[in-house]
Structures are given as C-alpha cells and as structure tokens.
Amino acid sequence: MKTIACVLALVASASAYQAPTMMAKRGKASPAPAPAVGVRSQALPFTTAPPSLDGSMIGDVGFDPLGLSMNTEYMPFESIKWYREAELQHGRVAQLAWLGFVFPNIYHFPSDATHNFGELNALAAVRAVPQWGLVQIAIFVGALEAQRFQKCIKGDNAAGDVGLGQGGFNPFGFEYTQEEYEEKQLQEIKHCRLAMLGALGVWWQGILSGQGVIQQIGGAFDAPDYYGKAGYYFPEGI
C-alpha cells in the first residue's frame, strides 16, 4: 500500500483519538465568566459577540459572523454542543492529516514491484491504495464514528469526550488539576483551529503543484530558468 494509506489510517484513527490534554477529566470544565450582552468580540473587535457565545466554553472568543450559534431552530440536537463537537473532531482529524501530508516526505517504506511508496503527493497517492484497503479504512472509520456518536452526541459525555484520559482509559496516568486541565483544553482547541487551516493549505498546494510538501519547500529556493538572463525579471508570457 502506498504512502497515502498511512495518511488515511492516521486520519481514520482521529475518530478515536482523544488528545491527552483534552481528556484529562471526564465532563465539562468550569465555565469562564460570561461576558455582558453586547460586549465586543475578541475575534472581531468591530462587532459584538452573539449572546449564545457567553464565554462558558473554553476557547470562546465570540467568533460567529454568520450567527450560526443563535439559530437554535435549525441547530442539530438544538445544542451548541454539536458545534463544539464538530470543531474538535475536525481539528483532530486535521492535525493527523497534516502530519500525514508531511511525514512521508521525510520517511517512507521502500517500494517494491506491487507497492509504490515513493509517491510523495498524498492526493495522488490515494489512487494507488488497493480497493480492499479503502474498504477496510471505511469500516474502521465507521465503527469509530458510531462509538463517538453514542458517547458524545447521543450520550451525555462532554463534547470530544470519548472516554480517554483522566476518568477513562488513561494508560499514561495523566492527573491534571482543574486549572491545568482548562489550560490543556485551550491549547487543544487552538491547535485544532490552526491545523484545519494548515491541512487546507497543504491540500490546496498539493492540487496546484502535484508535489509533496517538502518538495514544494525545496523548490522555493531554486533559481528559475529566466533568472540567468540579463534583463529578464519575469517569466515568459507575463
């Protein structure tokens, strides 16, 4: 199986992955002091934070330019918990996906007659994954998502809590205080948001360049052909 199989496997595992920092304890952290109605949004200082974003969630900076958090009529399960669950899940997948885009450029298994691990563009490598490999990945992801749905969406667990860490399966023995736990929650949600932008960036660059991430970085330092010609400051055709 090609390099992208490792990428997809990482992405699939994100459905079950619960960052140790997030899962220090089961349940919700103590809410932050609620801002007064009409207070300025920290994310968009030229607007006011919607009343639905009252500061009770870790990482709440009043960012909701489309007002989605206020439309409870069409909100799934009529709870903002759905949006926080979606944000965490997408962010965790994005963190693993970004790693999957980059790491095969650093190391990958040697290729043989039936497996080509040398394709460094993760998007192109998808086409080389065996059909039954994709089926296995789909089944694995489906099972993990079903478990997450039962615990976090249909069940009473806090958003993102799939039973790992303090109060659940805790192989590393994490024991955070309440203050440490809230700080780790904030770190995770920031990493999630940054990773979603990073994953989008490497995905789009893969489409445009057809190269792996490290290959693109290396090419940025190559002198173009027209550079050696006196008076040529722009590529031909511009």
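Visitor: Which residue just after α5 takes a positive phi?

Guide: Quick ground rules: this is a predicted model, where local features need pLDDT of at least 70, side-chain atom pairs count only at pLDDT 80 or more, and totals for chains, interfaces and linings use all residues. Residues are numbered from 1 along each chain as its sequence is written, and side-chain values use heavy atoms, leaving out hydrogens and water. Helices here are DSSP runs of H or I with at least four residues, strands are runs of E with at least two, and both are numbered from the N terminus. Just after α5, a positive phi of about 70° belongs to G210.

Visitor: How far apart are the end C-alpha atoms of helix α5?

Guide: The expected span of a helix is 1.5 Å times one less than its number of residues. Helix α5 covers residues 178–209, so its 32 residues should span 46 Å. The model agrees, with the end C-alpha atoms apart by 46 Å.

Visitor: Which elements are included in what covers the buried residues of α5?

Guide: Buried means under 20% relative accessible area, exposed over 50%, and partly exposed in between, using a 1.4 Å probe and protein chains only. In α5 the buried residues include Y181, I189, C192 and V202. Their cover, judged by contacts (heavy atoms within 4.5 Å), includes α2 (81–106), α3 (122–125) and α6 (213–219).

Visitor: Is R84 buried or exposed?

Guide: R84 lies in helix α2. Leaving aside residues up to four places away in sequence, R84 touches M57, I58, G59, A159, I189 and R193. Its relative accessible area is 11%, so R84 counts as buried.

Visitor: How many disulfides are there?

Guide: A disulfide is a pair of cysteine sulfur atoms within 2.5 Å. C152 is buried at a relative accessible area of 1%, and C192 is buried at 0%. By the distance rule, the disulfide count is zero.

Visitor: What kind of pair do the rings of Y107 and F109 make?

Guide: Rings of Phe, Tyr and Trp (its six-membered ring) pair if their centres lie within 6.5 Å; planes under 30 degrees apart are stacked, over 60 edge-to-face, and the rest tilted. The structure holds three aromatic pairs. Y107 and F109 have ring centres 6.2 Å apart and planes at 70°, so this pair is edge-to-face.

Visitor: And what about the rings of F172 and F174, what kind of pair are they?

Guide: Their ring centres are 5.9 Å apart and their planes sit at 45°, so the pair is tilted. F172 is exposed, with a relative accessible area of 66%, while F174 is partly exposed at 22%. F172, F174 and Y176 form one aromatic cluster, and the F172 and F174 pair in it is tilted.

Visitor: How many helices and strands does the chain have?

Guide: Starting from the N terminus, the elements run α-α-α-α-α-α. Of the chain's 238 residues, 33% count as buried. The tally is six helices and zero strands.

Visitor: Which element has the lowest mean pLDDT?

Guide: pLDDT is the predictor's confidence in each residue, from 0 to 100; the chain's mean is 76, and 76% of its residues reach 70 or more. Over residues 1–36, pLDDT stays under 50. Where pLDDT is low, the predicted coordinates should not be read in detail. Among the elements, α5 has the highest mean at 91, and the lowest, 43, goes to helix α1 (residues 3–13).
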